[in-house]
Amino acid sequence: MEKFRAHLMLCAGTGCVASGTMKVRDALQQEINNKGLQQELKIVLTGCNGYCAEGPVMAVYPDEIFYQKLTVEEVPKLVEEHFLKGRPYQKLMFREPEKKAAIPLMKEIPFFKHQVLRVLRNKGLIDPEKIEEYIARDGYIAMAKALTQMTPEDIIKTIKDSGLRGRGGAGFPTGLKWEFASKVKSDIKFMLCNGDEGDPGAFMDRSVMEAVKSDIKFMLCNGDEGDPGAFMDRSVMEADPHSVIEGMVIGAKAIGANHGYIYVRAEYPLAVKRLELAIAQATEAGLLGKNILDTGFDFELGIYLGAGAFVCGEETALMRSIEGKRGMPRPRPPFPAHKGLWDKPSVLNNVETLAQISPIILNGSEWYRSLGTEKSTGTKVFALTGAVNNVGLVEVPMGIPLRTIIYDIGGGIRKGRKFKAVQLGGPSGGCIPESHLNTPVTYEDIVATGAIVGSGGMVVMDDNTCMVGTAKFFLEFTADESCGKCPPCRVGTRILLDILTDITEGKGRESDLETLEDLSRDIIATSLCGLGQTAPNPILTTLKYFRDEFESHIRDHWCKAGVCRDLTTFFIDEKLCKGCMACFRACPSKAIVGEKKKPHKIIQELCVQCRSCYEACKFKSIRILPAHYEGDGSEFAEAVKETPGKKGDA
């Protein structure tokens with residue numbers, strides 16, 4: 001067995017690959033060879049490390065030295081300093097905003113320090129394309145235990161006792177869902193046609209034919225995350241595909257299923273590649289397929305590529321899609337546990353839920369319940385994005401306050417700006433203001449704010465954000481993604497969007513606010529599936545917490561954030577302008593005139609309200625005033641104090 005002085009764990013998740021990981025890998029290997037270090041150093045391409053915004057990133061083990069923003073140009077110096085001279089290369093180390101000291105150790109970096117890893121237990125530590133590395137970290141031991149030492153009832157009881165709830169959004173108890181499906185006996189018969197499928201790895205037709213002669217059930221995985229800004233499931237599938245497979249086999253044993261599918265959107269090519277390789281490796285090793293581990297239990301697993309429809313994240317729509325039908329939800333009951341894929345009992349869990357299964361089986365339900373709260377146990381993975389300093393994938397115990405995630409792990413708001421809101425739960429979620437930042441992350445507490453935990457999208461917004469525009473953005477998404485089956489969603493979301501568009505364009509009326517609230521509640525009460533039932537959440541929460549912004553848009557024709565162009569005039573306060581020329585250089589339409597070290601002026605007829613001057617000014621001399629404003633700005637002195645500043649956090 002080869003032994004190396006150090007392993008260079010280089011992130012090869014989608015984000016880092018897009019930032020140049022492969023070029024860095026080649027440069028590293030060449031430099032290692034040039035220095036004669038190939039017998040001492042080994043480069044390992046891992047899955048997503050989590051710290052996505054600073055990629056490419058690399059951790060050097062066993063010392064846990066962490067490097068970020070790697071470039072081909074810096075590789076020679078890195079190799080020379082760290083691996084020849086024995087002094088880690090500080091230039092590529094993490095530094096907290098506005099602090100000079102470098103933090104070399106990964107475990108001391110705030111982004112990693114406050115996380116607790118269970119779903120992401122193998123992130124950055126293994127090569128996801130080698131099954132041996134997964135097995136070396138206790139992989140498939142839980143599956144072996146479940147197949148050889150536990151009955152289906154034992155498995156279900158362990159999962160129920162753990163309190164694990166579905167991490168796909170609804171938070172339904174996983175063990176209870178498995179129990180429903182385990183008790184169902186299928187007696188559906190089929191009329192079949194062409195069953196002569198010949199595609200390698202395809203067994204859909206055979207699965208249906210077998211359903212005629214047996215009580216077939218299906219174990220399904222939902223890898224079709226579609227929330228804007230969410231990438232939790234993709235990262236798990238890329239970094240640790242075997243954890244998903246192992247969870248599915250255990251679940252299949254629990255409910256009595258012998259066939260399964262992982263539904264993945266085609267836009268995730270790296271995840272698909274690694275899942276396909278993992279399935280092939282597990283099958284070859286006797287950990288998947290016929291007679292797994294000589295226990296007599298069979299489980300065949302395939303991958304189904306989705307076309308990217310957001311509605312196919314809903315379980316019944318996903319199942320229709322696998323059947324080759326248009327992905328549209330159907331009324332429930334009957335529930336999929338009784339009548340799902342091809343009308344057979346089916347269980348659908350999302351990627352994160354399944355990745356939690358093997359540690360629970362291996363360590364027990366009490367171990368899992370040791371984190372979290374009574375009703376929200378364990379950990380939750382969030383895709384932390386937006387206006388925070390540290391963007392990436394984080395795993396935290398349930399019950400942790402939102403403030404801790406945003407400030408301790410996320411590092412606070414970028415550029416010293418003020419926190420305004422956090423959108424939790426994606427387009428189906430809601431906007432939570434600063435006054436609720438101490439809310440613990442549990443299913444019940446987050447719902448009480450008007451948002452939802454959802455699949456784990458967490459978008460942080462600063463005071464540059466227009467909340468009316470934010471509500472419009474998310475509604476545009478859900479309106480476009482509506483399958484059109486039920487009128488409340490198909491028609492209602494379009495009406496809501498038209499009203500919001502009018503408000504952002506200065507055509508709003510005060511009665512619109514009441515209409516938005518009433519229609520939103522009607523859509524929630526009458527829509528067929530979760531997409532329509534949650535689509536109004538961004539509107540209701542922004543109206544609840546930021547109603548003054550809606551009123552300002554309607555009454556004053558003023559977008560105080562300066563985002564809605566039809567409701568914005570930019571004005572230079574001559575008393576504050578230093579004539580530094582920064583706004584002059586930034587303006588794309590040449591609307592700013594003035595001499596160096598003298599106050600500047602904006603020619604309103606040429607201004608396109610692009611915000612470039614506002615972003616460039618370091619002296620806060622750019623004021624955001626109502627549309628078509630004429631005057632010297634003096635009468636807005638008090639109001640301007642409430643417009644976005646550039647210093648201080650919440």
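Buried here means under 20% relative accessible area. I looked up R265 with that cut-off in hand: its relative accessibility is 9%, so R265 counts as buried. I note that the model is predicted.

**Overall form**

I began with the whole chain. It holds 28 helices and 19 strands. The C-alpha trace spans about 85 × 70 × 45 Å along its principal axes. I checked the radius of gyration against the globule rule: a compact globule of 650 residues would come near 26 Å, and the chain has 27 Å, which agrees. Buried residues account for 57% of the 650 residues.

**Salt bridges**

I counted salt bridges next and got 37.

R265 and D224 meet through their side chains at 3.4 Å, N to O. R265 sits in strand β8 (residues 259–265) and D224 in the loop between β7 (218–223) and α10 (232–239), so this pair ties together parts that are 41 residues apart in sequence.

E81 and R87 form a salt bridge at 2.6 Å, N to O. E81 is buried, with a relative accessible area of 10%, whereas R87 is partly exposed at 44%. Which residues are linked with these two in a network of salt bridges? I found K77, E80 and K85 in the network along with E81 and R87.

E551 and R555 meet at 3.9 Å, N to O. Both lie in helix α25 (residues 547–556), four residues apart, which is about one turn of the helix. E551 is partly exposed with a relative accessible area of 25%, and R555 is partly exposed with 48%.

**Surface patches**

I turned to the surface. R585, K596, K597 and K618 gather there in a patch of positive charge. I placed one of them, K596, in the loop between β17 (592–593) and β18 (601–602). K596 has a relative accessible area of 63%, so it is exposed.

V593, I603 and L606 make a nonpolar surface patch of about 200 Å². V593 belongs to strand β17. Is V593 buried or partly exposed? At 36% relative accessibility V593 counts as partly exposed.

**Backbone**

I ended with backbone geometry. Most residues other than glycine have a negative phi, and most peptide bonds are trans.

The peptide bond from Y61 to P62 is cis, with omega near 15 degrees. P62 lies in the loop between β3 (58–61) and β4 (65–67). Another cis peptide bond joins P333 and P334, with omega about 0 degrees. I found P334 in the loop between α13 (315–322) and β10 (346–350).

D138 is not a glycine, yet has a positive phi of about 70 degrees. I located D138 in the loop between α5 (131–136) and α6 (141–149). At 45% relative accessibility D138 counts as partly exposed.

K590, also not a glycine, has a positive phi of about 55 degrees. K590 lies in the loop between α26 (582–586) and β17. Its relative accessible area is 62%, so K590 is exposed.

Conventions:
Residues are numbered from 1 along each chain as its sequence is written. This is a predicted model: local features need pLDDT of at least 70, side-chain atom pairs count only at pLDDT 80 or more; totals for chains, interfaces and linings use all residues. Side-chain values use heavy atoms; hydrogens and water are left out. Patches are made of residues with over 30% relative accessible area and no salt bridge: like charges are joined within 9 Å, nonpolar side chains (Val, Leu, Ile, Met, Phe, Trp, Tyr) within 5 Å. Accessible areas come from the Shrake-Rupley method with a 1.4 Å probe; for residues, only the protein chains shown count as cover. A salt bridge is a side-chain nitrogen of Lys or Arg within 4 Å of a carboxyl oxygen of Asp or Glu. Lys and Arg count as positive and Asp and Glu as negative; His and the chain ends are not counted. The place of a charge is taken as NZ of Lys, CZ of Arg, CG of Asp or CD of Glu. Helices (H or I, at least four residues) and strands (E, at least two) are DSSP runs, numbered from the N terminus. Buried means under 20% relative accessible area, exposed over 50%, partly exposed in between (1.4 Å probe, protein chains only). The radius of gyration is taken over C-alpha atoms; the globule rule is 2.2 Å times the number of residues to the power 0.38.
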